[in-house]
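Colleague: I have a structure open and would like to talk it through with you. Could you take me through it piece by piece?

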Amino acid sequence: MGFAESAEDDSLPFGLTLLSAGIAVAVVSPILWILLRAAEVGVESSIETLTRPSMVEILVNSVALVTTVTVACVLLGVPLAVLTVETDLPFRRFWTVVLSLPLVVPSYIGAFAFVSAFGPRGALADVLAPLGVESLPQIYGFAGTALVLTLFVYPYVFLTTRSALLSFDGTLIEAARTLNHSRLSAFRHITLPQIAPGVAAGALLVALYTLSDFGTPSIMHYGVFTQAIYVEFNTFGRDTAALLSLELLAVTAVIVALESRIGDAGENYAGGNRTTRTSLGAWKIPALFLCTAVAALALAVPLGVLFMWLVRSGPGYTGGGFAFEWTYGWNSTYVSALAAAVSIFAAVPVAYLAARYRSTLTSLFDRATYVGYATPGIVLGISLVYFGSSYGPTPYRIVPLLVFAYVVRFLPQAVGTTRSSVLQVDAKLTEAARTLGESPGRTFRRVTLPLIAPGVVAGAALVFLTSMKELPATLLLRPTGFETLVTYIWRVQDAGYYGQAAVPALVLVAVSGLSMLVLLKQDGSLVRQEGQKDG
């Protein structure tokens with residue numbers, strides 16, 4: 001019997017419930033501060049501001065970008081997942097890992113790598129100039145932004161779709177084949193409806209990422225919510241920034257609601273029995289070409305550009321007065337480690353209560369922690385600026401506020417891994433400790449905590465690694481003079497000294513790679529999973 005199941009009917013412990021309620025309120029509070037700040041503007045003024053042509057254009061641009069990137073990621077991620085699971089694609093395990101790796105490149109690093117490679121004065125333009133090619137297609141604007149985001153976030157759909165395919169019972173396809181359904185017909189009528197929740201989950205991650213991304217649209221000169229909010233905030237248009245933040249939250253809520261409807265529509269047939277794989281035949285070469293082209297654009301181009309910058313800059317390069325200091329790396333490590341530690345202290349009581357005592361209230365606390373994850377970093381940052389400037393010390397840009405932003409943003413990563421670990425604890429172990437006279441607190445410390453430690457550590461690692469890469473909240477909340485890897489990268493790219501970003505960008509890519517390893521370990525490893533299905 002599972003640990004959580006054994007206590008479904010137990011009364012909720014007062015102290016733990018009160019602590020979890022306080023954590024839930026703290027996580028949701030930034031949304032309340034944005035609501036209060038926007039309410040100060042007034043209804044008529046709000047309507048007048050949000051219906052300006054420029055504001056309407058921002059809404060249209062954002063919705064168009066989210067729609068285009070999400071559809072493009074589905075059209076790219078689902079076929080790639082099918083190729084690596086359902087077909088006899090050569091080197092499937094290799095392609096599984098390679099096609100997942102674009103997630104290790106933060107999209108804003110990918111964006112200015114593409115600008116450096118394909119921009120008007122980029123590396124490709126320099127190579128083609130002697131051949132008489134005077135100009136290249138415009139990389140900036142909507143098309144460039146959609147292309148870059150698609151290349152670096154499609155793995156969300158790829159990974160969730162693969163997971164759904166690997167858990168799908170392939171004998172259902174064979175049964176359909178005996179009823180004279182073609183492979184394509186069987187996939188469309190049987191497989192696709194059952195993997196729809198997995199596809200929808202990946203599409204939700206893509207949509208939320210695209211909507212909340214600040215760096216890529218700014219670098220690609222495309223006006224969306226995040227870029228407009230940042231500009232308005234820094235030009236003292238605080239009312240407009242608050243209203244745009246509220247509108248961005250509304251669009252986010254609509255996206256989450258749409259995904260929940262799609263995700264609830266399908267059913268999963270457990271089993272995962274792998275039948276004979278589909279032979280690609282003459283399509284094997286085009287399939288390999290597709291995988292190679294995606295890997296080249298999403299991995300070879302950005303990494304090649306970063307190493308080119310590294311070689312060109314040299315160890316003593318200080319162009320433009322932007323000398324890199326390893327103190328920036330220490331600052332990133334320091335605040336991210338604090339965020340990871342605080343996240344664990346906040347995650348354990350919420351996760352334990354949700355797993356051990358199932359009720360509407362505990363589920364509400366658990367869900368509340370996900371509000372921050374769905375809140376764009378730019379909105380979270382501005383909300384905390386409003387709070388800090390109104391109620392905090394002067395100056396309000398202090399490390400604790402920055403750490404709090406990271407915790408609110410990434411707490412679900414710690415809650416999710418911790419809750420999963422608690423659910424795996426056998427109730428008989430804790431019952432045995434209680435029968436030996438141990439108190440609930442000592443039972444938790446001596447029995448439960450050691451058993452859930454791997455999940456707790458994994459959650460802390462994910463919070464640490466994602467905090468290292470957070471851009472908009474860091475830009476808005478970091479103390480004056482407190483430079484981190486991401487703020488230094490942003491500063492040098494804004495000044496056009498891309499070569500200066502080589503070292504910190506490669507460090508962040510390495511950090512992202514560690515994040516991917518943690519993710520793969522939590523999922524049981526894609527390669528190991530693939531090997532089990534082959535067996």
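**Contacts, cores and surface**

Modeller: Among contacts in the chain (heavy atoms within 4.5 Å) between residues at least 6 apart in sequence, 84% join residues at least 24 apart. This is a predicted model, where local features need pLDDT of at least 70 and side-chain atom pairs count only at pLDDT 80 or more, while totals for chains, interfaces and linings use all residues. Residues are numbered from 1 along each chain as its sequence is written, and side-chain values use heavy atoms, with hydrogens and water left out.

Colleague: How many helices and strands does the secondary structure come to?

Modeller: The chain has 24 helices and zero strands, taken as DSSP runs numbered from the N terminus (helices are H or I with at least four residues, strands E with at least two).

Colleague: And what percentage of the chain is buried?

Modeller: Of the 535 residues, 52% are buried, where buried means under 20% relative accessible area, exposed over 50%, and partly exposed in between, with a 1.4 Å probe and protein chains only.

Colleague: Which residues have the most contacts inside the largest nonpolar core?

Modeller: Those are Leu80 and Ile109, in a core of 79 residues; a nonpolar core is a set of buried Ala, Val, Leu, Ile, Met, Phe, Trp, Tyr and Cys residues joined through side-chain atoms within 4.5 Å. Helix H7 (residues 141-166) supplies the largest share of this core, with 13 residues. A second, separate core has 66 residues, including Ala368 and Leu402.

Colleague: Back to Leu80, what is it in contact with?

Modeller: Leaving aside neighbours within four places in sequence, Leu80 is in contact with Leu99, Tyr154, Phe158, Leu290, Cys291 and Val294.

Colleague: Switching to the outside, which residues form a nonpolar patch on the surface?

Modeller: Trp330, Tyr334 and Leu338 form one, with about 310 Å² of accessible area together. Patch residues have over 30% relative accessible area and no salt bridge, with like charges joined within 9 Å and nonpolar side chains (Val, Leu, Ile, Met, Phe, Trp, Tyr) within 5 Å; a salt bridge is a side-chain nitrogen of Lys or Arg within 4 Å of a carboxyl oxygen of Asp or Glu. Areas come from the Shrake-Rupley method with a 1.4 Å probe, and for residues only the protein chains shown count as cover.

Colleague: Where is Trp330 found?

Modeller: Trp330 lies in helix H14 (residues 326-356), and is exposed, with a relative accessible area of 54%.
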